[in-house]
Amino acid sequence: MTLDGMKNRRRGHGLFWLITAQPLLDVLAYFCRSDTATPAGYLRLALLIALPLYVLLRRRSRGFVAGLLVVGGYCLLHLLNDARLGFVDPGYEIAYLLRVVQMPVLCLCFLRLIRDEQTKGQALQGVLAAAALTALCLLLAWLTGTGNVTY
């Protein structure tokens, strides 16, 4: 296969790689865990910022913007309530809130990116690959005694 053919093949499977990478980020977060931050956390934060911007610039729709506004409204109400009650640790609250809203934001993005049968197939293959990787990681964690209750 030529270099151009390999580039085109990779480029056509971006959604697959985004979905498949999630269990690998979990493993990276487990082995790099710390009290402050992890490389996986920074990658997820970058994804949380970059993917909605990409979708907004490339595949803008009122439904997508409305969904983001709902998630943003939830975040605003949560932070206002924290301010009303008194922040115990604002950094922790914001970091935790970003972890919570990651799933609905990525879901909205993936729904906009799945636009035809090809991208639907990519997403399905990505979910299947992620499930296989998760099962493999669970098995390896059990065999090595490094299992965690979050897996």
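Guide: Let's start with surface: accessible areas come from the Shrake-Rupley method with a 1.4 Å probe, and for residues only the protein chains shown count as cover. Here the chain's accessible surface is about 10,700 Å², with 67% of that belonging to carbon and sulfur atoms. A heads-up: this is a predicted model, where local features need pLDDT of at least 70 and side-chain atom pairs count only at 80 or more, while totals for chains, interfaces and linings use all residues. Residues are numbered from 1 along each chain as its sequence is written, and side-chain values use heavy atoms, leaving out hydrogens and water.

Visitor: How many helices and strands are there in the chain?

Guide: There are 6 helices and 0 strands, counted as DSSP runs (helices: H or I, at least four residues; strands: E, at least two) and numbered from the N terminus.

Visitor: What makes a set of residues a nonpolar core?

Guide: Its members are buried (under 20% relative accessible area, 1.4 Å probe, protein chains only) Ala, Val, Leu, Ile, Met, Phe, Trp, Tyr and Cys residues, joined through side-chain atoms within 4.5 Å. The largest such core here has 18 residues, with Leu-15 and Cys-109 among those with the most contacts inside it. α5 gives the most to this core, with 7 residues.

Visitor: Why is α2 called roughly parallel to α6?

Guide: Their axes (lines fitted to C-alpha atoms, for helices over the stretch in contact, with angles from 0 to 180 degrees between N-to-C directions) cross at roughly 20°. Angles under 35 degrees count as roughly parallel, so α2 is roughly parallel to α6.

How values were computed. Buried means under 20% relative accessible area, exposed over 50%, partly exposed in between (1.4 Å probe, protein chains only). Angles under 35 degrees count as roughly parallel, over 145 as roughly antiparallel, 65 to 115 as roughly perpendicular and the rest as oblique.
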